[in-house]
Amino acid sequence: MVKFPAVFVARRNLSRNRFRSILAGLGILIAVVAIAALGIFGNVLSLGAADALGDIGNEVVITPNADEGFDELTERQVQSIERVTDDVTVAPIRTETGLVTRGTESTASTLYGIDDPAAIYEADEGRLPDRHTQGAILGSSVAEQLDAGEGNVVTIDDTTYRVIAVLEPVESFGPLSADDAVLLPENAIGGSGYEQVILRGEETGATAAAADAVRAELNAREERIDVFELSEITDEIDEFFSLLQSFLLGIGSISLVIAGVSILNVMLMSTVERREEIGVMRAVGVKKDEVLRMMLIEAGLLGLFGAFGGVVVSVLLAAGLYLTTPVELWILLDPANFFYLALAFAFGIGVSLLSGLYPAWKAASERPVDALRD
């Protein structure tokens, strides 16, 4: 049996026409970058949006049905909501607007009358009471505009309040962004009813079950309330980014197909140019499967070098994204991004091997006498 150093010969054959081999490998590199970079880009957008939205998927907003003539939620309705909901926090809220003044500075703000602010917000300065009976709690933007903090005094529509806490800045989207608001005791806001009730749970499933229970209880006879589950927003956003990611990967896959055609052309040209050489190899005892292996190794080496280079370039692009944009490191280190790198690398090699399969079979199947005759 004739032993045949297929890898060595494959590498030598590629180096015979380096420029053509480099162009074919460059095509694979570009295609791998397209798949990996676009996949990572789509995933970064999705994770960034999810981070910006925060935990709003665990919240439900209940408001009176204005279309049916209801303009507030009654105390009795709030009690019914509290009775039928389990494993969620119920926060009834009254709302109005007012002028907040400290010294010579003033700003128009939304005023929220809320009994348990700790159920929804967190304090950056001071402490949020379990039951809000006195004092004002400032949103971060209001506190900055008035240069106010815990212990200062502010005037709201001719009524003086001592600031007991300042809220943390809200970095995510939510139904009650309090950056530009002031939280007051519930009885400080006029009226006997509530403009809205917020339900918040630890899990989306708990708030969804609570929303269904509230609908069944309060809308049994007529549509008196509107129940809006914020998970609907997150579901639609997730669906959008899923479609976007599929679209981006589709674009990258087209590049990979084009690169595969390039490798197919390189291998076919190599087969034609080396027809006589392959005939000699077969004539001296090199088996058909060894020729086939040699040609596939050539295609695989093109794919390997191109795919490896594509992964390196994709990593550098991701690093550049981190250095030049506000993308956080944990988003770039998400396991899904490494999956896209591995997927692009595997596709690059796989397409190269598939592209080299027909030329390899053609070269290995030709009879030695026919190859030498030409």
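**View 1. Ile28 and the residues around it.** In this predicted model, Ile28 is in contact with Leu256, Ala259, Ile263, Gly303, Gly306, Ala307, Gly348 and Ser352, leaving aside its neighbours within four places in sequence.

**View 2. The largest nonpolar core.** Let us step back to the group that Ile28 belongs to, a core of 24 residues. Which members touch the most others? They are Ile28, Val32, Val44 and Leu256. At least two residues of this core come from each of helix 2 (18–53), helix 6 (231–273), helix 8, helix 9 (329–332) and helix 10 (335–365). Helix 2 gives the largest share, with nine residues.

**View 3. Ser314 in helix 8.** Here we visit Ser314, a residue of helix 8. Is Ser314 buried or exposed? Ser314 counts as buried because its relative accessibility is 2%, under the 20% limit. Not counting residues up to four places away in sequence, Ser314 touches Val32, Val33, Ala36, Ala37 and Leu341.

**View 4. A nonpolar patch on the surface.** Tyr322, Leu323, Leu329, Leu333 and Phe338 form this patch, and together they have about 530 Å² of accessible area. One of them, Leu323, is found in helix 8 (residues 288–324). Leu323 counts as exposed because its relative accessibility is 68%, over the 50% limit.

Note on methods
Residues are numbered from 1 along each chain as its sequence is written. This is a predicted model: local features need pLDDT of at least 70, side-chain atom pairs count only at pLDDT 80 or more; totals for chains, interfaces and linings use all residues. Side-chain values use heavy atoms; hydrogens and water are left out. Patches are made of residues with over 30% relative accessible area and no salt bridge: like charges are joined within 9 Å, nonpolar side chains (Val, Leu, Ile, Met, Phe, Trp, Tyr) within 5 Å. Accessible areas come from the Shrake-Rupley method with a 1.4 Å probe; for residues, only the protein chains shown count as cover. A salt bridge is a side-chain nitrogen of Lys or Arg within 4 Å of a carboxyl oxygen of Asp or Glu. Helices (H or I, at least four residues) and strands (E, at least two) are DSSP runs, numbered from the N terminus. Buried means under 20% relative accessible area, exposed over 50%, partly exposed in between (1.4 Å probe, protein chains only). A nonpolar core is a set of buried Ala, Val, Leu, Ile, Met, Phe, Trp, Tyr and Cys residues joined through side-chain atoms within 4.5 Å. Contact means heavy atoms within 4.5 Å.
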